[in-house]
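Colleague: Could you walk me through part of this one? I am still learning how to read strands.

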2 protein chains.
Amino acid sequence: MRRLVLAAVMAFAGAAWADAAPTPPPTAPELLAASKPQEWRRLDPENLLYVELPSGRVTIELAPAFAPRTIANIKALARKREFDGLSVVRVQDNYVAQWGAGDEAQPAGPARPRIPAEFDRSAAGLPFDRLRDPDVYAPQVGFSGGFRAARDPVNGRAWLTHCYGTVAVARGTDADSGDGSQLYVVIGHAPRHLDRNTTVVGRVIEGVDRLSSLPRGTGSLGFYKTPAERTPIRSIRVAADLPESERTAFEALRTDAPTFAAITEDRRSRLDAWYKSAPGRVDLCNVALPIRRVPPTDR
Amino acid sequence: MRRLVLAAVMAFAGAAWADAAPTPPPTAPELLAASKPQEWRRLDPENLLYVELPSGRVTIELAPAFAPRTIANIKALARKREFDGLSVVRVQDNYVAQWGAGDEAQPAGPARPRIPAEFDRSAAGLPFDRLRDPDVYAPQVGFSGGFRAARDPVNGRAWLTHCYGTVAVARGTDADSGDGSQLYVVIGHAPRHLDRNTTVVGRVIEGVDRLSSLPRGTGSLGFYKTPAERTPIRSIRVAADLPESERTAFEALRTDAPTFAAITEDRRSRLDAWYKSAPGRVDLCNVALPIRRVPPTDR
């Protein structure tokens, strides 16, 4: 029987078409396959965090251009092994998965100096590849350093946005009450109302499904009611601290590359035969940010 | 230790404030608690579908105003027990969970008459409570019959939108190749590019986490590679066909009710003390559509 799918990702079988038929547009996989090496940037292992769960690894790319002090603290906590043996304490459906120290059952240890909130930063001098599409929440959206970002030309500020896979700092009521010891990952529709309300530190580039498929907490706000329900965090490590044999090398498609513009345009125009109505626009959080593993022989 | 949370849902302890302090605004739970009975509508059991999984029930409200022929066919299939014993065949992270007949391993049975696509409908005479906020994909968005919807004043058409929990018909390349025997539920960031490309039949009102927390399929497009990985569908039933003791009675807050306007405004303005930056706007898919169970004594 025919397999019913939502989106055709396979190329047309061009040979089956009459000579007069128009050439079908290249698909996103074809565009990526034809990209040039210089359109990709190698991810710095100093900015990669490995969260080791029983099911495997979740890899986060950190964004020190936006949250330098918080990220320095997170890396210091990882290097002191402070995350090891903690757990995922909260999974709220269509919202966030959250782990780390700081709730009732997992004391954060001795009081640490407070880290100032890093909710936004100056846009001056910041690279920003603007997306031309409109946005509900911000006057301008686009990409900075490979991350989805927003910008306000009136006050000259820029910030990272909450999309699926965004990693940010949980906090209490005070703006500076989060130090990075408790982090959350977005696992639902973009909660863009959190933009400029928490310190965004990066995004998951691989393994987000290890968090999004966890059982939901049945307590208030998706917290687990009992410790037994929690998923252990075996360790959190900075990739640079591991021997090369335990790392994965990644490349990200540069957001100023022609291939990035082409796959983004493909998401707007949806020219393949499955689509009957072209959206014409693309939401910031629906733009693809392609990541690829670098084969060991190419490192 | 203090519990770090993302959003404060508890009311302020007003008594702890000095007399001169401003009265904190009512929270969404307080607004709902103060709502009037006539602001709620009882859901019609003829429009409720129960999907019974091993983990429990997923309840779908159907939208016959938008997809009358497809929904009639889905109910006919349910009444012929055609879904029973099938399974969830696809779970693609940040996209959809999909079940039913029609893929290679689950033959759809004898060919059925094709159901015309119901991607949109005339907006003439259709109730539409418009949301004043902008939208990336549609000229106008709002609510119709309790569902998130969009409208184009130029061509006079209206359609249901893809948000978290939306239920729609999987199909092949031909617009009329889906008959409702295979359905998908959105379990990630709103894939609004699917709007007007598939027939939306309703939304999950309870139990969507039973789908969103399933293991992701590791095959192409999130299809499971082996039948053993699939989650069985024990049955799909129209609520009206079950004895009252096996049903749950639900009410939905009317989208033209003052309380609905108040909780939507709360999502825009976020006046509680946790928020340091008010979003000022709300995305259609982030507007809450409150549902409550009716206690048996009130039925």
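Colleague: Which residue of β12(B) is the bridge partner of B:W99?

Modeller: In this predicted model, the bridge partner of B:W99 in β12(B) is B:L183. Strands here are DSSP runs of E with at least two residues, numbered from the N terminus, and two strands pair if DSSP finds at least two bridges between them.

Colleague: How many bridges join β5(B) to β12(B)?

Modeller: Five bridges join β5(B) to β12(B), residues 182-186 of chain B, and the two run antiparallel. On its other pairing, β5(B) is joined by three bridges to β4(B), residues 87-91, again antiparallel, and there B:R90 has B:Q98 as its bridge partner.

Colleague: What about the hairpin, how many residues lie between the strands?

Modeller: Four residues lie between β4(B) and β5(B), and B:N94 in that hairpin takes a positive phi near 55°.

Colleague: New topic: why is β5(B) largely enclosed by the rest of the structure?

Modeller: Because five of the five residues of β5(B), residues 96-100, are buried, where buried means under 20% relative accessible area with a 1.4 Å probe, protein chains only. B:V96, B:Q98 and B:G100 cover one side, while B:A97 and B:W99 are on the other.

Colleague: And B:Q182, buried or exposed?

Modeller: B:Q182, which lies in β12(B), is buried, with a relative accessible area of 1%. Its side chain joins that of B:Q98 in a polar contact of 2.7 Å, meaning a pair of N or O atoms within 3.5 Å, one able to donate a hydrogen and the other to accept it, with residues adjacent in sequence counting only if both atoms are side-chain atoms.

Key. Residues are numbered from 1 along each chain as its sequence is written. Chains are lettered from A and ligands numbered from 1 in the order in which they are written. This is a predicted model: local features need pLDDT of at least 70, side-chain atom pairs count only at pLDDT 80 or more; totals for chains, interfaces and linings use all residues. Side-chain values use heavy atoms; hydrogens and water are left out. Buried means under 20% relative accessible area, exposed over 50%, partly exposed in between (1.4 Å probe, protein chains only).
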